[in-house]
Amino acid sequence: MQPAVFPVVALESHALVDSGAGEKLERYGDRLLRRPDPQAVWSRRLDERAWARADLVFVRESDRGGRWEGPGARGGAPEWTIPVLGAVARIRPTPFKHLGLFPEQAPNWRLVEDLRPRFEGRPRLLNLFGYSGLASVLAARVGYEATHVDASRAALAWTRENQALSGLPDNALRVVLEDALQFARREARRGARYEVVLLDPPHYGRGPKGEVWRFEERIAELVEAVRELLADRSLVVLSTYAIGCSPLTFRNLLAELGPGRVEAGELALSEEDGGRLLPCGFCARHLRGLEP
Ligand SMILES: C[S@@+](CC[C@H](N)C(=O)[O-])C[C@H]1O[C@@H](n2cnc3c(N)ncnc32)[C@H](O)[C@@H]1O
């Protein structure tokens, strides 16, 4: 019996080169990056010489973050762009180990694109906890009216950057600085409807007015608010990383959205040589009126 894993979608500009001994080695465009990954407790396939070729290495300084070292970090904070499924993403290594792109989300981006012809007119997509905006940009490119919500000004600026780099006009996205739960509730009160809702919450976060987001305490309320927002035919995607609940929990949560089909499992990246899978979080999808 194998754990359920959403099929990995390969990206032209990203590869998981190796993993093990608490780290992962990845290629983003033409740069090799090495950073901690608590899931990678197994042995590496490649020797230290291969790992030592990394341009950028994340060095943890505390529980909250660290710094990037290596030849690629000399001469100031590095940043570059890579193509992603027809869009362009700015890669910017942050002190929180993030780069502005979660390539394990590619199966969800692809699903949103594949479902586009199944909706009539111009479908609406709501991306809560939208971060640097790739999901919103990719959706807008294929014809969704995308609303992108995040509590961080920096994340919204990054989204605007990815939007422009991807050749979208200024008005292609509705970008909102707000607490995700407050926004969902307000939209429900206004009678707004969405064909697609994407939820990629962190374990802990804060809204722009200090609203506290704790996954276990708030997720049920958020799912309840999202339920009010759904069009007759709809897709909801919930994903998270590093949370102590399982895909079964996710499935049970999304079952509360009402009639429809729920899929649940893990998101993963596949090593380029050999295909060993690195777990990257849990995910569930609720599809209504969109069954094949
Ligand atoms: C980076 S994504 C999470 C991706 C992935 N699931 C993880 O945990 O690493 C989290 C985004 O949610 C935003 N965020 C945190 N709390 C929020 C809140 N209360 N309302 C809206 N956005 C919030 C952050 O600014 C960030 O851009």
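These are my notebook entries from looking through this predicted model.

**Entry: the sheet**

I began with the strands and how they line up. I found an open sheet of 7 strands, ordered S10-S9-S8-S11-S14-S16-S15, with mixed pairing. Its edges are strand S10 (173-177) and strand S15 (261-270), each of which pairs on one side only. From one strand to the next, the twist averages 15°. I also looked for a helix lying on this sheet. Helix H4 (residues 153-165) packs there and touches S9 and S10. The direction of H4 makes about 170° with that of S10.

Next I picked out S14. Is strand S14 enclosed or open? I noted that 8 of its 11 residues (230-240) are buried, so the strand is largely enclosed by the rest of the structure.

Then I looked up the strands that S14 pairs with. Strand S11 (residues 194-199) runs parallel to S14, and 5 bridges join the two. With strand S16 (residues 277-288), S14 pairs in the antiparallel sense, over 7 bridges.

Leu 199 stands opposite Leu 238, and in S16 the bridge partner of Leu 238 is Ala 284. I listed what Leu 238 touches, leaving out residues up to four places away in sequence. The list is Leu 199, Phe 250, Leu 253, Leu 254, Cys 283 and Ala 284.

**Entry: the nonpolar core**

Which residues touch the most other members of the largest nonpolar core? That core has 74 residues, and I wrote down Leu 128, Ala 184, Val 197, Leu 222, Val 226 and Leu 238 as the ones that touch the most other members. Leu 238 is back again, this time in the core list.

**Entry: around the ligand**

I moved on to the ligand. There are 18 residues around it, and Phe 129, Ala 151, Ser 152, Ala 180 and Gly 205 come nearest. Strand S9 (145-150) and strand S12 (204-206) are the elements that give two or more residues to this shell. How does the shell divide into nonpolar, polar and charged residues? I get 9 nonpolar, 4 polar and 5 charged.

S12 made me look at Arg 206, which lies in that strand. Arg 206 is partly exposed, with 13 other C-beta atoms within 10 Å. Leaving aside neighbours within four places in sequence, its contacts are Ala 151, Glu 211, Val 212 and Trp 213.

**Entry: Arg 193**

Another arginine I looked up is Arg 193, in the loop between helix H5 (180-189) and S11. Arg 193 counts as partly exposed, with 15 other C-beta atoms within 10 Å. Not counting residues up to four places away in sequence, Arg 193 touches Arg 124, Leu 229, Leu 230 and Ala 231. Between the C-alpha atoms of Arg 193 and Arg 34 I noted a separation of 42 Å, for residues 159 apart along the chain.

**Entry: a hairpin**

Strand S4 (residues 56-62) pairs with strand S5 (residues 65-69) in the antiparallel sense, over 5 bridges. They form a hairpin, and 2 residues sit between them. Val 59 stands opposite Arg 67 in S5.

**Entry: positive phi**

Last, I looked for positive phi in residues other than glycine. Ala 21 has phi near 55°, and Lys 97 has about 85°. Where are they? Ala 21 is in the loop between strand S1 (14-20) and strand S2 (23-28). Lys 97 is in the loop between strand S7 (87-91) and helix H2 (106-115).

Then I checked their surroundings. Ala 21 is partly exposed, having 14 other C-beta atoms within 10 Å. Lys 97 is partly exposed too, and its count within 10 Å is 14 other C-beta atoms.

Conventions:
Residues numbered from 1 in each chain as written. Predicted model: local features only at pLDDT ≥ 70, side-chain atom pairs only at ≥ 80, totals over all residues. Near = placed C-beta within 6 Å. Helix = DSSP H or I, 4+ residues; strand = E, 2+ residues; numbered from the N terminus. Nonpolar A, V, L, I, M, F, W, Y, C, P; charged D, E, K, R; others polar. Core = buried A, V, L, I, M, F, W, Y, C linked by C-beta atoms within 7 Å. Buried ≥ 20, exposed ≤ 12 C-beta atoms within 10 Å, placed from the backbone. Contact = placed C-beta atoms within 7 Å. Pairing = 2+ DSSP bridges. Axes fitted to C-alpha atoms, helices over the stretch in contact; angles between N-to-C directions.
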